[in-house]
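Biologist: Please put the structure up, and then I will ask about the words used to describe it.

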Amino acid sequence: MKLSEIKIALQKLATIAFQLPNGDLVPSHFHVTEVGKVTKHFIDCGGTVRTEEVVNFQLWEANDYDHRLHPEKLLHIIELSEKKLNLPDAAIEVEYQMAATIGKFDLDFDGTNFLLTSKLTDCLAKDKCGIPPEKLKVKIGEWKPKATASCTPNSGCC
């Protein structure tokens with residue numbers, strides 16, 4: 001989800017809820033303690049220099065049960081951050097305190113809740129570092145040849 005997309009979604013909501021990948025909701029007394037721009041400048045294993053930029057939200061919960069972040073307040077925080085930090089319309093990455101460490105998530109929206117989705121690592125230079133392409137896995141008995149690819153005895157195709 002990009003920054004422009006969350007702004008549109010917030011305008012249609014009465015309350016904000018963030019849902020973790022396991023289906024649990026972030027407690028409703030959470031705060032967005034940071035909105036920022038994170039730039040990652042790195043070299044991949046194939047030697048290519050790359051730059052990635054995301055908009056980062058940090059969610060935090062405390063013992064402050066009397067205050068709830070309303071959509072219009074988060075929209076105001078985002079607009080202030082855009083102005084002060086010159087934020088791009090980039091993908092949003094969300095940080096949230098998990099049991100032992102900070103979890104990093106991508107963000108999606110299902111029309112009701114903002115979904116914290118799992119992030120995965122990947123090799124960006126598979127063609128240069130010798131990672132073989134994944135082979136198609138077919139269970140015996142499930143593979144069916146294409147109708148146009150049939151070869152019969154005496155047809156001259158073999």
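Modeller: Of the 158 residues of the protein chain, 28% count as buried. Buried means under 20% relative accessible area, exposed means over 50%, and partly exposed lies in between (1.4 Å probe, protein chains only). This is a predicted model, in which local features need pLDDT of at least 70, side-chain atom pairs count only at pLDDT 80 or more, and totals for chains, interfaces and linings use all residues. Residues are numbered from 1 along each chain as its sequence is written, and side-chain values use heavy atoms, with hydrogens and water left out.

Biologist: What makes F57 count as buried or exposed?

Modeller: F57 has a relative accessible area of 0%, and the cut-off for buried is under 20%, so F57 is buried. F57 is found in strand β3; strands are DSSP runs of E of at least two residues, and helices are runs of H or I of at least four, numbered from the N terminus. Leaving aside neighbours within four places in sequence, F57 is in contact (heavy atoms within 4.5 Å) with L3, I6, E34, V35, I78, I92, E93, V94 and E95.

Biologist: Why is M98 called partly exposed?

Modeller: The relative accessibility of M98 is 33%, which falls between the limits for buried and exposed, so M98 counts as partly exposed. M98 lies in the loop between β4 and β5.

Biologist: Why is α1 called roughly antiparallel to α2?

Modeller: Two packed helices are described by the angle between their axes and the distance between the axes. Helix α1 (residues 3–10) and helix α2 (residues 71–85) pack at an angle of about 150°, with their axes 9 Å apart. That makes α1 roughly antiparallel to α2, because angles over 145 degrees count as roughly antiparallel, under 35 as roughly parallel, 65 to 115 as roughly perpendicular and the rest as oblique. Axes are lines fitted to C-alpha atoms, for helices over the stretch in contact, and angles run from 0 to 180 degrees between N-to-C directions.

Biologist: Which residues make the contact between α1 and α2?

Modeller: L3, I6, K7 and L10 of α1 meet P71, L74, L75, I78, E79 and E82 of α2.

Biologist: How do you know that the buried residues of α1 line one face of the helix?

Modeller: The buried residues of α1 are L3, I6, K7, A9 and L10. Seen down the axis of α1, they fall within an arc of 165°, so they line one face of the helix. The arc is that of the directions from the helix axis to the C-beta atoms. Their cover includes β3 (49–61), α2, β4 (92–97), β5 (102–109) and β6 (114–118).
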